[in-house]
Amino acid sequence: MLQSLASNSCVRLIQNHKSTWYFVSLILGYLLYLIFGAVVFSSVELPYEDQLRQELRAVKKQFLLENECLSEERLERFLKKALDASNYGVSILNNASANWNWDFTSSLFFASTVLSTTGYGHTAPLSDGGKAFCIIYSVIGIPFTLLFLTAVVQRIMVFSTRRPITYIHTRWGLSKQLVAIVHATLLGMLAVSCFFLIPAAIFSALEENWNFLESFYFCFISLSTIGLGDYVPGEAANQKFRELYKVGITVYLILGLIVMLVVLETFCELQQLKQLRKMFYLKKEKPQDRLAILEHDHLSFTTVSDNTGGKNEDKAKTFVTSTIW
């Protein structure tokens, strides 16, 4: 008997707090996914890092043996200076000295990466004035960019998603959910083709040291606004039409970001995904529940008031009776 009561109470507790348990499971799943990523990246990349470190030590040792007049301390200072400059996008190599990081087209490309929060990190402000302006420019520009993208995506969604789905649903009488799933799938495939596969092929042809996988990797890292900065187009020493190339990349990033948001919004409007999201959200308090709570509070207050009034009347009667006697 006690076991059945306990099991029933546990079932009721789980059902009454179902969204909370789903949310806890979501947190645990996200943490496990983070740990899984860390384990895979560490196991895959750590051997390559160790190999590169050994090669650099061997090259450094060989260089010092061939140049005995140069001490290791002086070489360390020189390398540190060169690496610090490289972190700001300034290279000491002769074949890279012709490329300027802060001409108009490069600055336009940098501004687009800042406002879109991509931030490759290959170029950064050198002066204190540039760093201060970057902060102010970002504080104003990032919300402005979000407003711009939201307005653009909202207008595009009307013509790219909502009207086509409604038209096919009313014209041929197909299920609206089925039409939405097929439309989202086709739209996603079209976006992948036009903004990942085709640009990757173009980048692999224009960039001498990039293969198709590296070019596709750059497209994904850029349009997902991850922006690691390990691959940045237009930085080769012998890059032809570099200014025009930078402007084209800037336009590609802005258009690609808009298309990615349209695709994501299209998938988010699917009923299946809406139901999935509701599993982890707090349930909104319905108006009927609010009215029931208010009525319950009103009845409780009325009962308390009646009881208090009745007690006061009894006390008054007792007082009058005692006075008469």
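This is a dialogue on reading the features of a predicted model.

User: What should I know about the model before reading any values?

Analyst: The model is predicted, and local features need pLDDT of at least 70, side-chain atom pairs count only at pLDDT 80 or more, and totals for chains, interfaces and linings use all residues. Residues are numbered from 1 along each chain as its sequence is written, and side-chain values use heavy atoms, with hydrogens and water left out.

User: How many helices and strands does the protein have?

Analyst: Helices (H or I, at least four residues) and strands (E, at least two) are DSSP runs, numbered from the N terminus. Here there are 10 helices and 0 strands. Along the sequence the pattern reads α-α-α-α-α-α-α-α-α-α.

User: What percentage of the residues count as buried?

Analyst: Buried means under 20% relative accessible area, exposed over 50%, and partly exposed in between (1.4 Å probe, protein chains only). Of the 325 residues, 21% are buried. For the surface as a whole, accessible areas come from the Shrake-Rupley method with a 1.4 Å probe; for residues, only the protein chains shown count as cover. The protein exposes about 24,200 Å², and carbon and sulfur atoms supply 68% of that area.

User: Which residues of the largest nonpolar core touch the most other members?

Analyst: A nonpolar core is a set of buried Ala, Val, Leu, Ile, Met, Phe, Trp, Tyr and Cys residues joined through side-chain atoms within 4.5 Å. The largest one holds 24 residues, and Phe203, Leu223, Tyr252 and Leu253 touch the most other members. At least two residues of this core come from each of helix 5 (128-172), helix 6 (176-206), helix 7 (212-223) and helix 8 (242-268). Helix 8 gives the most, with 9 residues. Another core lies apart from this one; it has 5 residues, among them Ile165, Val179, Ala180 and Leu270.

User: Which residues is Leu253 in contact with, beyond its neighbours within four places in sequence?

Analyst: Contact means heavy atoms within 4.5 Å. With those neighbours set aside, Leu253 is in contact with Phe109, Tyr120, Ser222 and Leu223. Across the protein, among contacts between residues at least 6 apart in sequence, 59% join residues at least 24 apart.

User: Which residues form the nonpolar patch on the surface?

Analyst: Patches are made of residues with over 30% relative accessible area and no salt bridge; like charges are joined within 9 Å, nonpolar side chains (Val, Leu, Ile, Met, Phe, Trp, Tyr) within 5 Å. The nonpolar patch here is formed by Phe23, Val24, Leu26, Ile27, Leu28, Tyr30, Leu31 and Leu34, which together have about 740 Å² of accessible area. Tyr30 sits in helix 2 (residues 18-66) and counts as exposed, at 54% relative accessibility.

User: How many salt bridges are there?

Analyst: A salt bridge is a side-chain nitrogen of Lys or Arg within 4 Å of a carboxyl oxygen of Asp or Glu. The count comes to 4. One of them joins the side chains of Arg53 and Glu49, at 3.0 Å from N to O. Both residues lie in helix 2, 4 residues apart, about one turn of the helix. Arg53 is partly exposed at 44%, and Glu49 is partly exposed at 36%.

User: Which parts does the pair of Glu72 and Lys60 tie together?

Analyst: The closest N and O atoms of the salt bridge between Glu72 and Lys60 are 3.2 Å apart. Glu72 lies in helix 3 (residues 72-87) and Lys60 in helix 2, so the pair ties together parts that are 12 residues apart in sequence. Lys60, Glu72 and Glu76 are linked in a network of salt bridges.

User: Where do Glu269 and Arg162 lie?

Analyst: Glu269 forms a salt bridge with Arg162, with the closest N and O atoms 2.6 Å apart. Glu269 lies in the loop between helix 8 and helix 9 (271-278) and Arg162 in helix 5, so this pair ties together parts that are 107 residues apart in sequence. Glu269 is partly exposed at 25% relative accessible area, and Arg162 is partly exposed at 34%.

User: How many disulfides does a search of the whole structure find?

Analyst: A disulfide is a pair of cysteine sulfur atoms within 2.5 Å. The search finds 0. Cys219 is buried, with a relative accessible area of 0%, whereas Cys194 is partly exposed at 37%.
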